[in-house]
Amino acid sequence: SFNPQYPAGSAYVVAVGGTKLSKSTGLEGAWEHSSGGFSGLISRPSFQDNAVSHYLSETQLPSNPNNSVFQTSGRAYPDVAAFGAFEPLLNSGSWEAIGGTSGACPQFAAIITLINIHRYQNGLGPIGALTKTLYQLPQGVGQDVTIGQTYATNRQGQCGSQYLAGYKAAAGWDATTGLGSPKYSTLLSQLVNVPGEQAGKASAPVKKPHHHHKKGKKVAKTNTVGKFLN
């Protein structure tokens, strides 16, 4: 059976998968070493039902007799994906290529942090219930990734040349790249003024920075925003 990941399988986090660029076409596709699937412990939250049900009905899934390989009723992940293969890294003055969703996740977190800064400047608190909100965005998260697939480990449970077929990317949500890869402008336009329960609340009253003079010196006083991400 497949081994669902945690905490990516929690309904209270945003799970970020990985994508890669094709050397021949330049198109963004699923990164085969990323992870995705369905939790075996946590039920699928209702805000995922429409997106996930469409994927299950329209996409060819890995062989799953009697739900013995994975549980389609479980919390589905990832929610989004970002560049995770052959990422350029400057290390001690030299460029290296690295890979991993540990690089993709900070990319998405940075985008949400920048959006929350815009919200803070407009007198709003950080985005609350972000995972649920992503599934309600009418314009999506940015780029819908529809090519590629992930692979499971071989039958001995180790990475090798004989991989088991995993999940395929598809239009809309899929168990490889989620809702797609983020585009900052698309997310900013939809999240910067999210109202009501989705907006959350600031942990303290929002105050604008102000200045005063003390012993001939100009001192800036500002509130510290200690938490942007939900």
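In the predicted model, serine 92 lies in the loop between strand 6 and strand 7 (94–98). Its phi is near 55 degrees, a positive value in a residue other than glycine. With a relative accessibility of 74%, serine 92 counts as exposed, because the cut-off for that class is over 50% relative accessible area. A positive phi near 55 degrees is likewise found at phenylalanine 86, again in a residue other than glycine. Phenylalanine 86 belongs to the loop between strand 5 and strand 6 and is exposed, its relative accessible area being 60%.

Two cis peptide bonds precede prolines. One joins tyrosine 6 and proline 7, with omega of about 15 degrees; proline 7 is placed in the segment before strand 1. Another runs from tyrosine 77 to proline 78, where omega is near 5 degrees, and proline 78 is located in the loop between strand 4 and strand 5.

Strands of a sheet pair through backbone hydrogen bonds, in either a parallel or an antiparallel sense. In this model, an open sheet of three strands has the order 2-1-5, with mixed pairing. Strand 2 (28–30) and strand 5 are its edge strands, each pairing on one side only, and the twist from one strand to the next averages 45 degrees. The pairing of strand 1 with strand 2 is antiparallel and extends over three bridges. Lysine 20 has glycine 29, in strand 2, as its bridge partner.

Helix 2 lies across strand 1 and strand 5, and runs at about 105 degrees to strand 1. The helix comprises 21 residues (101–121) and reaches 30 Å from its first C-alpha to its last, close to the 30 Å expected at 1.5 Å a residue. Its buried residues are Gly103, Ala104, Phe108, Ile111, Ile112, Ile115, Asn116 and Arg119. These buried residues pack against strand 1 (16–21), strand 5 (80–83) and strand 6 (87–91), as well as helix 3 (130–134), strand 11 (181–182) and helix 4 (184–191). Helix 2 is followed by glycine 123, which has a positive phi near 85 degrees.

Eight aromatic pairs are found in a search of the whole structure. One of them is formed by phenylalanine 2 and tyrosine 167, in an edge-to-face arrangement with 5.7 Å between centres and 80 degrees between the planes. This pair links distant parts of the chain, 165 residues apart: phenylalanine 2 is in the segment before strand 1, whereas tyrosine 167 is in strand 10 (residues 164–168). Tyrosine 167 counts as buried, with a relative accessibility of 3%. Tyrosine 167 also pairs edge-to-face with phenylalanine 70, at 5.4 Å centre to centre and 75 degrees between the planes. Here too the pair connects distant parts of the chain, as phenylalanine 70 is in the loop between helix 1 (49–58) and strand 4 (74–77) and tyrosine 167 in strand 10, 97 residues apart. Phenylalanine 70 is buried as well, at a relative accessible area of 5%. Phe2, Phe70 and Tyr167 are among the members of one aromatic cluster, which also includes Phe38, Tyr55 and Trp173.

Technical notes: Residues numbered from 1 in each chain as written. Predicted model: local features only at pLDDT ≥ 70, side-chain atom pairs only at ≥ 80, totals over all residues. Heavy atoms only, no water. Helix = DSSP H or I, 4+ residues; strand = E, 2+ residues; numbered from the N terminus. Expected span 1.5 Å × (residues − 1). Buried < 20%, exposed > 50% of the residue type's maximum accessible area, 1.4 Å probe, protein only. Contact = heavy atoms within 4.5 Å. Phe/Tyr/Trp six-rings, centres within 6.5 Å; stacked < 30°, edge-to-face > 60°. Pairing = 2+ DSSP bridges. Axes fitted to C-alpha atoms, helices over the stretch in contact; angles between N-to-C directions.
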